[in-house]
Amino acid sequence: MAQGTDTPTSPPGGKADAGSGTDAYLHRRTLRRGSAGWLLLTGLGVAYVVSGDYSGWNIGLSKGGFGGLAAATALMGLMYACLVFSLAELSAILPTAGGGYGFARRALGTWGGFLTGTAILIEYIPAPAAISLFIGDYVESLGLFGLTSGWPVYLACFAVFIGIHLWGVGEALRFSLIVTAVAVAALLVFAVGALTDFDPDRLNDIPVDTGALGSSSWLPFGLLGIWAAFPFGMWFFLGVEGVPLAAEEAKDPVRSMPRALAISLTVLVGLAVLTFLSATGAQGARAIQEAGNPLVVALEGDGGPTGLSRFVNYAGLAGLVASFFSLIFAGSRQLFALSRAGYLPRFLSLTNRRKSPYLGLLIPGAIGFTLAAWIGNGGRMLNVAVFGATISYALMALSHIVLRRREPGLERPYRTPGGALTSSVALVLACSALVATFLVDRDAAFIALGVYVVALAYFALYSRHRLVAGAPEEEFAALAAAEAELSRDRTRP
């Protein structure tokens with residue numbers, strides 16, 4: 001048994017779960033296996049991200065100009081590519097709902113697992129709250145049902161879409177795939193329409209800050225503008241790393257997970273290039289840099305609404321729904337895995353008759369609704385999410401490097417091209433993006449850091465003494481420890 005873990009039947013210094021042992025404990029915490037093939041997983045990967053193509057990324061133009069945001073997007077795209085290839089290998093080794101927490105648990109121990117899992121939760125819990133605010137703004141601007149953006153709309157979002165998740169994972173992912181397909185098709189239609197007005201001279205129309213180091217028409221805010229635009233370059237890809245969280249519910253995850261990750265990223269890269277170039281070239285960087293709906297502004301300019309701009313506006317709502325829906329899924333699965341293993345209160349991992357973690361959906365949903373209705377600052381919440389994301393990326397990349405070096409003989413059904421060099425690139429760029437979050441929104445970074453500190457205190461003082469050895473991710477790590485001990489015994493004289 002791994003040091004520092006226990007079974008539910010005999011926790012040192014703590015009470016046992018009701019049941020006759022580990023089997024009974026895990027039986028009440030079981031997800032529906034085989035519910036998602038590679039197509040649904042690919043749809044999930046794109047759904048996490050697609051709302052970022054409709055808004056948010058354009059604010060990076062005000063930080064770095066066209067050239068700065070283009071360079072930032074290319075570097076962040078490289079980071080995600082390296083990370084996705086690394087996660088493809090790790091998810092084929094350990095296809096469980098723990099995702100990043102499970103990978104880091106084996107490579108970096110209990111502290112590394114908790115640090116990674118908590119960072120992922122910091123990404124996935126506030127993000128749906130922020131998107132519910134954006135959905136409210138879209139509903140109001142489109143005049144749907146005469147509603148205005150406010151708590152009734154936010155509540156309806158959480159209630160309806162959590163209800164679909166409670167119905168079952170297969171039904172939820174199929175719904176997500178349909179909405180995502182609509183949003184992606186609309187982006188392609190938008191690009192065709194916007195490219196008819198494309199003018200390369202409009203790309204660099206932001207005034208140059210002559211006092212900035214390395215400033216030019218392409219880099220109006222200088223070289224530092226590239227770094228400041230990192231978080232906004234991430235918006236074209238933020239969330240795709242959540243696909244492994246569905247591994248426990250996937251069909252043949254060893255094969256389908258790497259395939260879905262690769263296809264998802266390929267689609268997202270194509271959408272990022274098309275959206276970025278066509279939107280900026282249609283009306284100019286200055287016109288869309290602060291717009292809440294940059295694609296609509298790119299189509300309308302100084303004129304009024306057109307049929308195409310109205311279509312894109314409605315499709316933007318579909319993109320927001322797709323990302324909101326999938327992020328709820330990701331947060332619930334990470335919470336489920338951490339709770340099942342005892343890092344968080346164990347009751348959060350209980351599943352209903354349809355094998356959905358109902359408390360892992362309802363409690364984060366209640367937190368998200370409260371954040372949306374009470375704080376009401378979507379940009380701030382997304383910046384908090386970016387802070388958590390960059391920490392988790394760094395730790396997952398580090399986990400890949402450690403496992404490659406410490407356990408070279410570990411069975412790897414899929415191997416990352418470039419090996420540890422690939423994940424090293426992801427690690428360096430993730431750390432750079434983490435620092436960049438302080439350049440963009442220092443308050444959001446410190447809020448996220450405060451949440452992190454509170455969570456770590458809970459783990460240090462309480463939950464690390466009450467971990468569940470029978471949880472899949474803990475068993476995987478315990479097996480590594482046992483194999484290492486056996487190897488040491490064999491080498492002793």
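The side chains of glutamate 249 and arginine 333 meet in a salt bridge, with 2.7 Å from N to O; the term stands for a side-chain nitrogen of Lys or Arg within 4 Å of a carboxyl oxygen of Asp or Glu. This pair links distant parts of the chain, 84 residues apart: glutamate 249 sits in the loop between helix 10 (230–233) and helix 11, and arginine 333 sits in helix 14. Helices here are DSSP runs (H or I, at least four residues), numbered from the N terminus.

A word on the model comes next. It is a predicted one, in which local features need pLDDT of at least 70 and side-chain atom pairs count only at pLDDT 80 or more, while totals for chains, interfaces and linings use all residues. Residues are numbered from 1 along each chain as its sequence is written, and side-chain values use heavy atoms, with hydrogens and water left out.

**Salt bridges**

Back to that opening pair: glutamate 249 is buried, with a relative accessible area of 1%, and arginine 333 counts as buried at 1% relative accessibility. Buried means under 20% relative accessible area, exposed means over 50%, and partly exposed lies in between (1.4 Å probe, protein chains only).

The structure holds nine salt bridges. Another of them joins the side chains of arginine 412 and glutamate 89, at 2.9 Å from N to O. Arginine 412 lies in the loop between helix 16 (378–406) and helix 17 (420–440), and glutamate 89 lies in helix 4 (residues 61–93), so the pair ties together parts that are 323 residues apart in sequence. Both arginine 412 and glutamate 89 are buried.

Arginine 255 is exposed, with a relative accessible area of 66%, and aspartate 252 is partly exposed, with a relative accessible area of 44%. Salt bridges that share partners also join Glu89, Arg404 and Arg412 into one network.

Lysine 355 is found in the loop between helix 14 and helix 15 and counts as partly exposed at 26% relative accessibility.

Leucine 398 lies in helix 16 and counts as partly exposed at 30% relative accessibility.

**Helix packing**

Two packed helices are described by the angle between their axes and the distance between the axes. The axes are lines fitted to C-alpha atoms, for helices over the stretch in contact, and the angles run from 0 to 180 degrees between N-to-C directions.

| Helix pair | Axis angle | Axis distance |
|---|---|---|
| Helix 5 (residues 100–124) and helix 14 (residues 307–340) | roughly 140 degrees | within 10 Å |
| Helix 2 (residues 38–49) and helix 14 | about 110 degrees | 7 Å |
| Helix 7 (residues 151–167) and helix 15 (residues 358–374) | roughly 165 degrees | within 10 Å |

Angles under 35 degrees count as roughly parallel, over 145 as roughly antiparallel, 65 to 115 as roughly perpendicular, and the rest as oblique. Helix 2 is roughly perpendicular to helix 14, helix 7 is roughly antiparallel to helix 15, and helix 5 and helix 14 are oblique to each other.

A crossing is left-handed if the near helix is turned anticlockwise from the far one by less than a right angle, and right-handed if clockwise. Helix 5 and helix 14 cross in a left-handed way, and the crossing of helix 2 and helix 14 is left-handed. The crossing of helix 7 and helix 15 is right-handed.

**A nonpolar patch**

On the surface, Leu188, Leu195, Phe198, Val269, Val273, Leu274 and Leu277 form a nonpolar patch, with about 530 Å² of accessible area together. Patches are made of residues with over 30% relative accessible area and no salt bridge, with like charges joined within 9 Å and nonpolar side chains (Val, Leu, Ile, Met, Phe, Trp, Tyr) within 5 Å. The areas come from the Shrake-Rupley method with a 1.4 Å probe, and for residues only the protein chains shown count as cover.

Helix 8 (169–195) and helix 11 (253–283) each supply at least two residues of the patch. The largest share, four residues, comes from helix 11. Valine 269 lies in helix 11 and counts as partly exposed at 36% relative accessibility.
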